[in-house]
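Student: I have a model open and would like to learn how to read it. Where do we start?

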Number of protein chains: 2
Amino acid sequence: MADGRMMAPSSGDSLLFLTDEQLRQGIEAMFFAYRGFTADPDRILADMAYGRAHHRAIHFINRAPGTTVNNLLNILGVTKQSLNRVLRTLIADGLVQSKVGRNDKRERHLFLTDEGRKLEQELSDAQRARMRLAFRTAGPEAVAGFRTVLEAMMDPEMRQSFDRLRESAS
Amino acid sequence: MADGRMMAPSSGDSLLFLTDEQLRQGIEAMFFAYRGFTADPDRILADMAYGRAHHRAIHFINRAPGTTVNNLLNILGVTKQSLNRVLRTLIADGLVQSKVGRNDKRERHLFLTDEGRKLEQELSDAQRARMRLAFRTAGPEAVAGFRTVLEAMMDPEMRQSFDRLRESAS
DNA sequence: TTGGAATGTCAACAAGGCTGACGTAAACTG
DNA sequence: CAGTTTACGTCAGCCTTGTTGACATTCCAA
């Protein structure tokens with residue numbers, strides 16, 4: 001490290017969590033943890049003709065029943081062509097129902113069918129089981145910190161989506 | 001909710017962080033945060049002929065210089081064909097150097113070239129900047145919790161890789 | 001010397017992103 | 001009312017990044 005960069009003074013050790021090494025560990029932790037995070041649903045979906053994209057669509061339709069295509073588009077952050085490909089198969093397979101809007105007939109409101117809800121349950125049970133174990137292992141204070149850091153890491157628009165979903169949860 | 005499931009007793013509120021709703025918020029937080037996590041490097045890479053897979057390879061080669069292909073394979077969790085495609089372009093473009101092993105000449109040890117290190121710096125600077133801001137905003141206790149939960153979320157083999165990288169960091 | 005390990009490579013394929021173009025119906029607006 | 005915008009769907013084509021399967025090479029080790 002013969003470049004001109006200074007070592008952080010690190011008064012006491014209160015700023016230790018901001019060293020490049022700590023940050024890099026945070027980055028790697030995100031990488032490895034996300035793999036675990038998606039592993040269980042991926043395993044379930046591998047047997048069917050579905051993938052992660054279907055899981056995401058199903059998750060958010062379940063979370064916000066009656067959501068419009070455009071709304072879902074914003075939450076997922078993909079193009080309509082990409083989402084449409086996924087929705088088409090889910091609708092064709094009878095997991096998702098699309099209803100023309102009453103007020104605005106241009107809009108389509110999306111709902112899970114009973115079968116769709118069944119798959120959603122299966123997927124989210126698996127994912128929640130891992131999350132539950134991690135939460136239980138780590139304890140409430142750690143969980144609070146986990147949430148705080150993740151929220152701070154989001155893009156502002158994503159944080160808005162996140163908060164809106166939180167509020168809408170009764 | 002007319003099924004037979006019980007509401008969690010939630011003695012006091014010490015178990016509130018384990019309700020299904022809290023778990024689902026944790027799941028969504030991971031989803032949205034990971035998007036932010038990858039957004040900055042993705043933007044940089046979009047201008048080049050590289051993608052996230054190249055970033056990951058460069059990151060871990062930088063982190064563990066001289067690592068073998070097989071080792072990298074285990075860390076990244078992809079097939080050798082998939083990794084090889086990425087490595088081939090990186091080597092051809094002069095960002096990565098592959099050296100035949102001295103002891104075991106079947107092995108290839110991977111290193112970043114000066115140019116590779118330069119790109120790595122650029123990418124990780126961007127990613128660390130976001131992580132640093134998130135860490136600073138959230139504070140040290142939150143960061144500790146963040147790390148604890150993420151570690152608990154990893155698959156055991158991934159946690160091993162993670163720990164090994166941690167130790168090797170001087 | 002032979003089996004197996006580590007690596008590389010070819011081919012083919014799939015998921016899931018993307019852009020661009022186009023069409024239709026509905027709603028809004030001047 | 002005419003024209004524009006919005007919401008959605010769809011076709012076509014492309015890219016990245018993952019997969020499997022097959023096969024060659026090199027070389028260590030029993």
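Tutor: With residue classes: Asp, Glu, Lys and Arg count as charged, Ala, Val, Leu, Ile, Met, Phe, Trp, Tyr, Cys and Pro as nonpolar, and the others, Gly among them, as polar. Note that this is a predicted model.

Student: How do the residues of the surface near DNA strand D divide by class?

Tutor: That surface has 10 polar, nine charged and four nonpolar residues. The 23 residues surrounding DNA strand D include A:Asn70, B:Gly51, B:Ala53, B:Thr79 and B:Ser82, which are the closest.

Student: Which helix gives the largest share of the surface near DNA strand D?

Tutor: Helix 4 of chain A, with four residues. At least two residues each come from helix 3 (69-76) and helix 4 (80-92) of chain A, and from helix 2 (52-63) and helix 4 (80-92) of chain B.

Student: How is the packing of two helices described?

Tutor: By the angle between their axes and the distance between those axes. In chain A, helix 2 (residues 52-63) packs on helix 5 (residues 114-138) at about 105 degrees, the axes being 10 Å apart. Angles of 65 to 115 degrees count as roughly perpendicular, so helix 2 and helix 5 of chain A are roughly perpendicular to each other. Helix 2 of chain A contributes A:His55, A:Ile58, A:His59 and A:Asn62 to the contact, while helix 5 of chain A contributes residues including A:Leu119 and A:Leu123.

Note on methods
Residues are numbered from 1 along each chain as its sequence is written. Chains are lettered from A and ligands numbered from 1 in the order in which they are written. This is a predicted model: local features need pLDDT of at least 70, side-chain atom pairs count only at pLDDT 80 or more; totals for chains, interfaces and linings use all residues. A residue is near a molecule or strand if its C-beta atom, placed from the backbone, lies within 6 Å of it. Axes are lines fitted to C-alpha atoms, for helices over the stretch in contact, and angles run from 0 to 180 degrees between N-to-C directions. Angles under 35 degrees count as roughly parallel, over 145 as roughly antiparallel, 65 to 115 as roughly perpendicular and the rest as oblique. Two residues are in contact if their C-beta atoms, placed from the backbone, lie within 7 Å.
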